[in-house]
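Hello,

Here is the structure I promised to hand over. Please open it alongside this note; what I found follows below.

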Amino acid sequence: MTMPKFSPLPPARNLTEELTATLAARIRSGELVPAEKLPTEQEMIAAFGVSRTVVREAIAALRAEGLVESRQGAGVFVVGDKRRRPFRLDADGAETVEGVLAIMELRRSVEIEAAGLAAERRGEAA
């Protein structure tokens, strides 16, 4: 008897990743517009059925992606300036050996050039 061919399962996403992806999708689609205030932590906890920690970690991830900004005492707002968003490589490109090699080639090129520029521009005090 031969065993049927199985494919690996995709990696499981946790609640923080799910909430981050949901909010990011709403921002990118325009459902949440620039300068719009996100619901409060308590409102998101109630709406999504998650813990305070999940909400806080999701907001931190969105902030790291440049999609939202926190304003002390005012809340969390959608960022409108897309130029403020960090450059990221899509992880989907790393699903194959060829994809990983392409990412490594890009990184090597950029990092070598950056190191060269830093060496040229260093001050005498360094």
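Is Leu-106 buried, partly exposed or exposed? Leu-106 is partly exposed, because its relative accessible area is 36%, and buried would mean under 20%. Bear in mind that this is a predicted model.

Leu-106 sits in helix H4, which covers residues 97-121.

Now to helix H3, residues 52-64. Its 13 residues should span 18 Å at 1.5 Å a residue. The end C-alpha atoms are 18 Å apart, so the model agrees with that expectation.

Which residues of H3 are buried? They are Val-54, Val-55, Ala-58, Ile-59 and Leu-62. Seen down the axis of H3, these buried residues fall within an arc of 130°, so they line one face of the helix. They pack against two helices, H1 (15-29) and H2 (41-48). They also pack against strands S1 (68-71) and S2 (75-78). Just after H3 comes Gly-66, with a positive phi of about 80°.

Thr-20 lies in helix H1. Its relative accessibility is 16%, so Thr-20 counts as buried. Leaving aside neighbours within four places in sequence, Thr-20 is in contact with Ala-58, Ala-61 and Leu-62. Ala-58 and Leu-62 are among the buried residues of H3.

Best wishes

Note on methods:
Residues are numbered from 1 along each chain as its sequence is written. This is a predicted model: local features need pLDDT of at least 70, side-chain atom pairs count only at pLDDT 80 or more; totals for chains, interfaces and linings use all residues. Side-chain values use heavy atoms; hydrogens and water are left out. Helices (H or I, at least four residues) and strands (E, at least two) are DSSP runs, numbered from the N terminus. The expected span of a helix is 1.5 Å times one less than its number of residues. Buried means under 20% relative accessible area, exposed over 50%, partly exposed in between (1.4 Å probe, protein chains only). The arc is that of the directions from the helix axis to the C-beta atoms. Contact means heavy atoms within 4.5 Å.
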